[in-house]
Amino acid sequence: MRKPRDYDTELQALNDKAKQLRTRKQTQLGVLVIATGADALGLEILAGVLLAAISNNDPLRKEAWRNRGAAFFQGSTKARRSAGKDAGGTQAIDPNTQPAAGTAGTA
């Protein structure tokens with residue numbers, strides 16, 4: 001005869017694992033903010049920048065941001081040095097600003 005499964009114990013183990021994953025995600029986001037130099041921004045500015053990025057539907061801008069982020073994670077020293085500097089990031093993040101002619105998709 002089979003041993004009955006203890007669903008309560010299994011559910012508790014899954015809940016514990018989910019809590020660990022959420023905690024690790026929060027820690028990684030904090031490390032990312034510090035590594036990029038974004039911790040120098042005020043909370044309101046950082047929140048505004050993130051909200052603008054989320055509401056932006058321009059695929060060229062999103063691709064430019066993705067490329068810049070990929071370069072940062074691949075250890076590009078140029079990307080890491082410029083992480084805390086404005087290299088057109090303000091213009092690229094503002095969803096109401098149109099890119100200058102010939103600069104679409106660059107950030």
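I'm working on a predicted model, where local features need pLDDT of at least 70, side-chain atom pairs count only at pLDDT 80 or more, and totals for chains, interfaces and linings use all residues. Residues are numbered from 1 along each chain as its sequence is written, and side-chain values use heavy atoms, with hydrogens and water left out.

Then I looked at helix H3, residues 59-73. How far apart are its end C-alpha atoms? They are 21 Å apart, which agrees with the 21 Å that its 15 residues should span at 1.5 Å a residue (the expected span is 1.5 Å times one less than the number of residues).

Which residues of H3 are buried? I noted Arg 61, Ala 64, Trp 65 and Phe 72. They sit on the same side of H3 because they cover an arc of only 95 degrees around the axis (taken from the directions from the helix axis to the C-beta atoms). Pro 59 and Phe 73, on the other side of H3, are exposed.

Phe 73 came up again: with Leu 29 and Leu 32, Phe 73 forms a nonpolar patch on the surface. I checked Leu 29 too: this residue lies in helix H1, residues 7-36, and counts as partly exposed because its relative accessibility is 47%.

Conventions
Patches are made of residues with over 30% relative accessible area and no salt bridge: like charges are joined within 9 Å, nonpolar side chains (Val, Leu, Ile, Met, Phe, Trp, Tyr) within 5 Å. Accessible areas come from the Shrake-Rupley method with a 1.4 Å probe; for residues, only the protein chains shown count as cover. A salt bridge is a side-chain nitrogen of Lys or Arg within 4 Å of a carboxyl oxygen of Asp or Glu. Helices (H or I, at least four residues) and strands (E, at least two) are DSSP runs, numbered from the N terminus. Buried means under 20% relative accessible area, exposed over 50%, partly exposed in between (1.4 Å probe, protein chains only).
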